[in-house]
Amino acid sequence: MEAFEKIKKSPALGFVKHFPRAHFIAVAALSVVLIGASMLPSDNASASRHEQVIAIPALSQVDEQPITLPVEPPPPEVKQTPYRISNQTVRSGDNLSLIFKRAGLSDKHMIGLLNGNADSKRLTKLFPGHTLEFSISDEGELVELKYVKSRLNKLVYTKLDSGYDFEEIVRQPDIHTASRSGKISTSLFDAGMQANLDDRLIMEFANIFGWDVDFALDIRKGDTFKVLYEEKFLDGEKLGNGEILAAEFINQGEAFRAVRYVNEDGESSYYAPDGTSMRKAFLRAPLDFRRISSNFNPKRLHPITKVVRPHRGTDYAADRGTPVWAAGAGRVIASGYTQYNGNYIVIQHGNNIQTKYLHLHKRFVKKGDRVKQKQRIGSVGSTGLSQAPHLHYEFLLDGVHRNPRTVINKLPKADSIAKSEMARFQSQTQVWIAELEPTTNTHYAASDILSKSAEAKSSL
């Protein structure tokens with residue numbers, strides 16, 4: 001009321017004093033309503049505000065359009081074995097007990113394994129270079145043993161509640177065929193190495209043709225050879241070389257060919273393309289050759305006694321200890337020592353044939369022993385009347401000394417392919433024989449060798 005009285009006394013509002021009190025209150029209320037209405041937004045302003053509103057998508061719409069963020073790959077998983085692994089390589093002179101001890105195990109563990117499975121007896125025959133992989137628990141118990149013979153073969157023994165389980169794992173390599181050829185300038189061995197053949201293949205090649213060619217005496221500069229052989233691969237990696245499938249040697253213009261054939265019993269051997277066996281009853285050279293120091297000469301001056309004495313044999317100079325083989329199968333009728341011959345061996349063969357081996361360093365057979373062709377009977381030495389390590393080799397037919405290098409051609413070969421098996425032989429070998437064709441156009445003497453052998457045999 002006090003404020004109202006002040007308004008009434010104001011000069012500017014003096015005129016309101018003439019209004020009745022009720023009228024004045026009505027005017028004031030109307031004024032308040034008008035002022036409030038003027039402060040409300042217009043329809044256009046409200047519409048403008050509605051047009052500027054940003055719509056927010058529903059949650060389902062957001063799920064339908066996920067945001068993709070770069071994801072880093074998880075770290076590689078590290079495989080952890082609950083066992084301690086001990087790899088042991090078999091050494092020369094090792095036995096299973098020694099190897100177990102090196103792995104931290106006792107004879108008790110070894111006996112438990114040997115008694116735990118009958119196939120564990122195969123572990124008693126160990127070879128140097130093989131590996132045994134032991135899996136050992138935290139308690140020191142043998143959980144698993146792997147005997148790795150090669151990348152292709154291993155034996156696995158796994159611990160069970162009672163005894164051991166056994167599994168033999170055998171993998172088959174991939175077989176590829178390879179071909180190498182070369183020309184001799186100094187020796188077969190050097191030419192083979194230049195053609196990237198390993199030692200084993202070179203010696204196997206010499207063994208195949210060893211009944212027809214003396215690689216210490218017969219070879220000449222310019223002689224050529226070709227070899228088809230197997231290469232073994234596992235998981236794309238070469239493991240080594242396999243068997244020779246076919247081979248050719250051209251010696252002083254005469255060509256010799258051989259092809260490998262496996263018969264129905266799984267036995268393999270080498271034959272000429274016409275099915276004639278490459279094997280003869282006797283080896284032409286009874287040792288790993290290096291060079292020959294002297295040949296069969298009935299009028300030779302002895303280098304030590306200086307007396308003309310027959311040299312009824314062939315001297316093969318070689319390093320001391322080089323293995324000496326039996327030239328053919330037979331029985332040892334003498335094995336001893338004399339001042340002149342040194343350590344010597346005499347073998348009696350069939351058909352009244354004897355072979356003698358003199359000046360040996362060691363003898364590995366005794367009188368009465370039966371020997372097989374190419375069995376090691378001694379080693380090269382220089383015992384008796386000898387100036388340097390060499391083998392003196394003699395060949396006697398009906399008690400008469402014959403030149404061992406030429407008499408071989410007069411002796412029969414091993415059995416050839418039977419007529420009933422010839423079709424199978426040709427089916428298996430013709431592909432390898434065809435691979436040899438491009439190397440030479442010279443005439444091949446397989447049939448000639450047969451006819452010469454037959455003629456020579458009839459003249460004996």
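In which sense do β15 and strand β16 (residues 353-363) pair, and over how many bridges? They pair in the antiparallel sense, over six bridges; two strands count as paired if DSSP finds at least two bridges between them. We will come back to this pair after a look at the whole chain.

What you see is a predicted model, in which local features need pLDDT of at least 70 and side-chain atom pairs count only at pLDDT 80 or more, while totals for chains, interfaces and linings use all residues. Residues are numbered from 1 along each chain as its sequence is written, and side-chain values use heavy atoms, with hydrogens and water left out.

The protein chain holds 11 helices and 20 strands. These are DSSP runs numbered from the N terminus, helices being H or I with at least four residues and strands E with at least two. Of the 460 residues, 38% are buried, meaning under 20% relative accessible area with a 1.4 Å probe, protein chains only.

How confident was the predictor? The average pLDDT, a confidence for each residue from 0 to 100, is 80 for the protein chain, and 72% of the residues score at least 70. Over residues 296-309 the pLDDT is below 50, and over residues 439-460 it is also below 50. Where pLDDT is low, the predicted coordinates should not be read in detail.

Now to the interior. A nonpolar core is a set of buried Ala, Val, Leu, Ile, Met, Phe, Trp, Tyr and Cys residues joined through side-chain atoms within 4.5 Å. The largest one has 26 residues, and Phe-205, Phe-209, Phe-215, Phe-225, Ile-244 and Phe-249 touch the most other members. At least two residues each come from α7 (188-194), α8 (199-208), β7 (224-234), β8 (237-251) and β9 (254-262); α8 gives the most, with five. Apart from this core lies another, of 25 residues, among them Ala-285, Leu-360, Phe-395 and Val-407.

Follow β9 next. Seven of its nine residues are buried, so β9 is largely enclosed by the rest of the structure. On one side, β8 and β9 pair in the antiparallel sense over six bridges, with Glu-248 facing its bridge partner Arg-257 in β9. Two residues lie between β8 and β9 in their hairpin, and Gln-252 in the turn has a positive phi of about 55°. β9 is also joined to β10, running antiparallel, by four bridges, and Arg-260 stands opposite Tyr-270 in β10.

Helix α10 (residues 422-436) meets these strands. Its buried residues pack against β7, β8, β9 and β10 (268-271), and those buried are Met-422, Phe-425, Thr-429, Ile-433 and Leu-436. An α-helix has 3.6 residues a turn, so residues three or four places apart point the same way. At Thr-429, α10 bends by about 50°, the bend being the angle between axes fitted to the seven residues ending there and the seven starting there.

Finally, back to where we began. Strand β15 (residues 342-349) is largely enclosed by the rest of the structure, because seven of its eight residues are buried. Strand β14 (residues 330-338) pairs with β15 in the antiparallel sense over seven bridges, and Ser-335 stands opposite Ile-345 in β15. In the hairpin of β15 and β16, three residues lie between the strands, and Asn-351 in the turn has a positive phi of about 60°. Across this pair, Val-346 stands opposite Lys-356 in β16.

Terms used: Buried < 20%, exposed > 50% of the residue type's maximum accessible area, 1.4 Å probe, protein only. pLDDT = per-residue confidence, 0-100. Contact = heavy atoms within 4.5 Å.
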